[in-house]
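Let's take a walk through this structure together. Have a look at it first, and then we'll go through the sheets.

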Amino acid sequence: MTMQASELAAVKRSVSVPLPVEKAFQLFTDGIGTWWPFVTHSLGGEETEDAVLEPRVGGLVYERRRDGTTEEWADVTAWDPPHRLELSWRVNPTRAEPTEVEVEFVPEGAGTRVELEHRGWERLEDGPEARANYDTGWEFVLGRYSEAAR
Amino acid sequence: MAYADAIDAMDALGEPMRRRLFERLRTGPSSVGELAAGLPVSRPAVSQHLRVLKEAGLVSERRDGTRRIYRIEPTGLAELRAYIDSFWDDALAAFAAAAEAESRKEEE
């Protein structure tokens, strides 16, 4: 059951929306606080009331709680509006092991197909030596990522 | 399972020694002593790692005399898997709903 780095499969998801790429990109980024499901998908849960994506390379993505405190989710590592952005996504904000989230906005008729890939799970390990010993754990846990992505 | 819980579980497994212990348990329940055998860490360290896995809902323990026997907690793992599977589905579904609302607004 040994697996290669490439088999620490990236999560791939896409969704089609009835907005032109410019608007889709804007909603995804500038408007992230209007649609992100905070209750289930934030560190603060019900305490989280907003999310912000700073629109530039080096910008931060963070959540803001009702008490005004913030918690970082990601850094913006590529910013190419309205086509593509890349985030260095901290699966756990307290550990320096970011994964990559790449989002592409592809014109599809009058709308846009948003393609998201979340990769770099192998980085959650301590490097190649460690990997050789622990190669089945993520496969076991994350295996369904790749199934779902097909 | 909330985001924070999923992070706890993923973080617990993100530490190499904990993942190694977790994988040893895949072959069946084991005592701390059995788990520590052959690993370059002390038994107290192994116990500490097991505690983290337990707090993350990934393993459970029972006492057998003076020994503590650990096993994989299938429920915790299933929850984590389901959560990971659904994370981006949920986020993108919410995005699509917002985009459709935006699109309708513009048509009006």
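pLDDT is the predictor's confidence in each residue, from 0 to 100. That matters here, as this is a predicted model. Chain A averages a pLDDT of 76, and 69% of its residues score at least 70.

| Residues of chain A | pLDDT | Contacts beyond four places in sequence |
|---|---|---|
| 1-8 | under 50 | 17 contacts |
| 125-150 | under 50 | 60 contacts |

Where pLDDT is low, the predicted coordinates should not be read in detail.

Now for the sheet in chain A. Seven strands make an open, antiparallel sheet, in the order S1-S7-S6-S5-S4-S3-S2. At its edges are S1 (11-17) and S2 (48-53) of chain A, each pairing on one side only. Neighbouring strands in this sheet are turned by 20° against each other on average, direction ignored. Inside the sheet, S3 (residues 60-65) and S4 (residues 70-80) of chain A run antiparallel, joined by five bridges, and Val61(A) stands opposite Ala74(A) in S4(A). Helix H1 (residues 21-29) of chain A packs on the sheet, and its direction makes about 150° with that of S6(A).

Chain B has an open sheet too: three strands, ordered S1-S3-S2, with antiparallel pairing. S1 (30-31) and S2 (59-64) of chain B each have a single partner strand, so one side of each is left without a neighbour in the sheet. Which residue stands opposite Glu61(B) in S3(B)? Tyr70(B) does. S2(B) and S3 (residues 67-72) of chain B pair over six bridges. Helix H2 (residues 16-25) of chain B lies across S1, S2 and S3 of chain B, at about 85° to S3(B).

Key. Residues are numbered from 1 along each chain as its sequence is written. Chains are lettered from A and ligands numbered from 1 in the order in which they are written. This is a predicted model: local features need pLDDT of at least 70, side-chain atom pairs count only at pLDDT 80 or more; totals for chains, interfaces and linings use all residues. Side-chain values use heavy atoms; hydrogens and water are left out. Contact means heavy atoms within 4.5 Å. Two strands pair if DSSP finds at least two bridges between them. Helices (H or I, at least four residues) and strands (E, at least two) are DSSP runs, numbered from the N terminus. Axes are lines fitted to C-alpha atoms, for helices over the stretch in contact, and angles run from 0 to 180 degrees between N-to-C directions.
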